[in-house]
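Subject: Structure handover

Hi,

Here is the structure for you to look over. My notes follow below it.

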Amino acid sequence: MARQLVSLRPIGRALMWMLGLTVCMEPAWAIRHPHAPPPPQYVEECGGCHLPYAAEFLSAEGWKQLMGNLNDHFKVDAEIDSGNAKSILAYLVKHAGHKSSFDPGPAKLKITQTRWFRGTHADASRGHWPKHKTRSNCQACHPKAGEDDFTALSDPDF
Amino acid sequence: MRKRFIRPLLAASLLGVNAAGLAMQPTDFLEEFRQQAAADNAAFAGFDAARGEQFFKSKHGDWSCASCHTDDPRTEGKHAVTEKRIKPLVPAANPERFTDSRKVAKWFKRNCKDVLDRECRAQEKGDVLTYLIQLTK
């Protein structure tokens, strides 16, 4: 009887619309984890000095430029042997971020200057980069960054 | 008959282990640096822990070795720029140190270029390693 009075169809339709809109509205720069596990050379060579950043963090073009200039890597000579460099670059390019995560124009080589990073850290940028002299240390604020978990924050006020 | 096969096999496997950069001891590197230092300088008179410590803790430009490895390399260090944690450098505190020739060559080259803007001499590497080896836990 109730079925005749209230049709469920509009509700179902509304739900489908909401689902569709949610999917569409997911920010283009959202980083999807977990990503493909990095090759051991990447963890050893790059992870020796800093967090082995996810390949999605830069564009394919950005990785190509960065890996092509390791002898002047943010003022440090980080050159590695050419065999390792080749396999690391192949991994980074294959899993690089989607172009919608980056501004058009010349590729950014600093993760913190990319569009997706600025978008996701807008709140933090407003005076919340206090104690840490570098932004390259993800773990300063994301204690589980090493496990690919960027949801946990060390400072609950963020 | 059997020995004729086993000995070369043993020798070959030992060589293989060394080539792969495994099973080395810190003192093996000291010997390597000693030979190189003697070849570099006819007046070479051995390594010195005090000189190594001085070299390790002095700034050669903006940085010293201690900038990242701290003034007490038995403890954990921190990369001066990225803040990444660095395991202790002293073999007594971290037995993995100075056991892999590929890693030793790579890090001396990379870090000397960072700190001194050039590669280190065998004399300098030997002095520093002598200093690190004599530090006990």
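In this predicted model, the contact draws on 16 residues from chain A and 13 residues from chain B. About 1,300 Å² is buried between chain A and chain B. Carbon and sulfur atoms give 43% of that area. On the chain A side, Glu44(A), Cys49(A) and Asp77(A) supply 38% of the area that chain A buries against chain B, more than any other three residues.

Next, the polar side. There are four salt bridges between chain A and chain B. One of them joins the side chains of Glu45(A) and Arg110(B), at 3.4 Å from N to O. The side of chain A that touches chain B has four nonpolar, seven polar and five charged residues.

Now the aromatics. The whole structure holds eight aromatic pairs over all chains. Phe57(A) and Trp116(A) make a tilted one, with 4.9 Å centre to centre and 40° between the planes. They sit 59 residues apart: Phe57(A) in the loop between α3 (40–45) and α4 (60–67), Trp116(A) in helix α6 (residues 115–120) of chain A. Phe57(A) has a relative accessible area of 4%, so this residue is buried. Trp116(A) is buried too, at 6%.

Chain B has a tilted pair in Phe56(B) and Tyr131(B), with centres 5.7 Å apart and planes at 55°. Phe56(B) lies in helix α3 (residues 49–57) and Tyr131(B) in helix α6 (residues 122–134) of chain B, 75 residues apart. Phe56(B) is buried at 1% relative accessibility, and Tyr131(B) at 3%.

Best wishes

Conventions: Residues are numbered from 1 along each chain as its sequence is written. Chains are lettered from A and ligands numbered from 1 in the order in which they are written. This is a predicted model: local features need pLDDT of at least 70, side-chain atom pairs count only at pLDDT 80 or more; totals for chains, interfaces and linings use all residues. Side-chain values use heavy atoms; hydrogens and water are left out. Contact means heavy atoms within 4.5 Å. Buried area is the accessible area (1.4 Å probe) that two parts lose on being put together, summed over both. Ala, Val, Leu, Ile, Met, Phe, Trp, Tyr, Cys and Pro count as nonpolar, Asp, Glu, Lys and Arg as charged, and the others, Gly among them, as polar. Rings of Phe, Tyr and Trp (its six-membered ring) pair if their centres lie within 6.5 Å; planes under 30 degrees apart count as stacked, over 60 as edge-to-face and the rest as tilted. Helices (H or I, at least four residues) and strands (E, at least two) are DSSP runs, numbered from the N terminus. Buried means under 20% relative accessible area, exposed over 50%, partly exposed in between (1.4 Å probe, protein chains only).
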